[in-house]
Amino acid sequence: MDIEKAFGEVLKSVRKKAEMSQEELAHNSSLDRTYISLLERGKRKPTINTVFSIAKALQILPHELIKMTEKTIK
């Protein structure tokens with residue numbers, strides 16, 4: 001599995017666990033909803049700034065998103 005796909009799966013899972021819509025996550029992270037959708041589908045590569053913004057909006061640490069992505073790839 002490639003990194004983008006794995007990150008997308010992790011993002012979607014964590015967002016749903018937080019009971020947050022794509023719209024809410026986009027608003028809370030100052031990103032566009034369509035960009036969140038593209039990330040979740042593995043169509044875009046997140047920048048480090050994006051990872052930090054999303055993590056803050058989801059109230060988790062950025063390294064947790066990376067760690068979960070690493071586990072998903074393996």
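Helices α1 and α5 cross in a right-handed sense. The model is predicted. It contains five helices and zero strands, and its order along the sequence is α-α-α-α-α.

**Overall form**

- The radius of gyration of the protein is 11 Å, which agrees with the value near 11 Å for a compact globule of 74 residues.
- The C-alpha trace extends over about 30 × 25 × 20 Å along the principal axes of the protein.
- Of the 74 residues in the protein, 36% are buried.
- Among contacts in the protein with a separation of 6 or more, 55% are between residues 24 or more positions apart.

**Helix α1 against helix α5**

- Helix α1 covers residues 3–17 and helix α5 covers residues 62–73; the two pack at an angle of about 120°, and their axes are 8 Å apart.
- On the α1 side, the contact is made by Ile3, Ala6, Phe7, Glu9, Val10 and Val14.
- On the α5 side, Leu65, Met68, Thr69, Thr72 and Ile73 take part.
- By class, the residues of this contact of α1 with α5 are eight nonpolar, two polar and one charged.

**Helix α4 against helix α5**

- Helix α4 spans residues 48–58, and its axis comes within 8 Å of the axis of α5, with a crossing angle of roughly 105°.
- The two helices α4 and α5 are therefore roughly perpendicular to each other.
- From α4, the contact involves Val51, Phe52, Ile54 and Ala55; from α5, it involves Pro62, Leu65 and Ile66.
- This contact of α4 with α5 consists of seven nonpolar residues, with no polar and no charged ones.
- Leu65 of α5 is listed in the contact with α1 and also in the contact with α4.

- Ser29 is part of helix α2, which runs over residues 22–29.
- The relative accessibility of Ser29 is 5%, so Ser29 counts as buried.
- Setting aside residues up to four places away in sequence, Ser29 touches Ile36, Ser53, Ile54 and Ala57.
- One of these, Ile54, is also among the α4 residues that meet α5.
- Glu40 sits in helix α3, residues 33–40.
- Glu40 has a relative accessibility of 9% and so counts as buried.
- Glu40 and Ser13 are 27 residues apart in sequence, and their C-alpha atoms are 9.2 Å apart in space.

**Loop residues with positive phi**

- Ser30 belongs to the loop between α2 and α3.
- The phi of Ser30 is near 60°, a positive value in a residue other than glycine.
- Ser30 has a relative accessible area of 70% and is therefore exposed.
- Gln59 is located in the loop between α4 and α5.
- For Gln59 too, phi is positive, near 60°, in a residue other than glycine.
- With a relative accessibility of 74%, Gln59 counts as exposed.

Notes:
Residues numbered from 1 in each chain as written. Predicted model: local features only at pLDDT ≥ 70, side-chain atom pairs only at ≥ 80, totals over all residues. Heavy atoms only, no water. Axes fitted to C-alpha atoms, helices over the stretch in contact; angles between N-to-C directions. Helix = DSSP H or I, 4+ residues; strand = E, 2+ residues; numbered from the N terminus. Left-handed = near helix turned anticlockwise from the far one by under 90°. Contact = heavy atoms within 4.5 Å. Nonpolar A, V, L, I, M, F, W, Y, C, P; charged D, E, K, R; others polar. Rg over C-alpha atoms; globule rule 2.2 N^0.38 Å. Buried < 20%, exposed > 50% of the residue type's maximum accessible area, 1.4 Å probe, protein only. Parallel < 35°, antiparallel > 145°, perpendicular 65-115°, else oblique.
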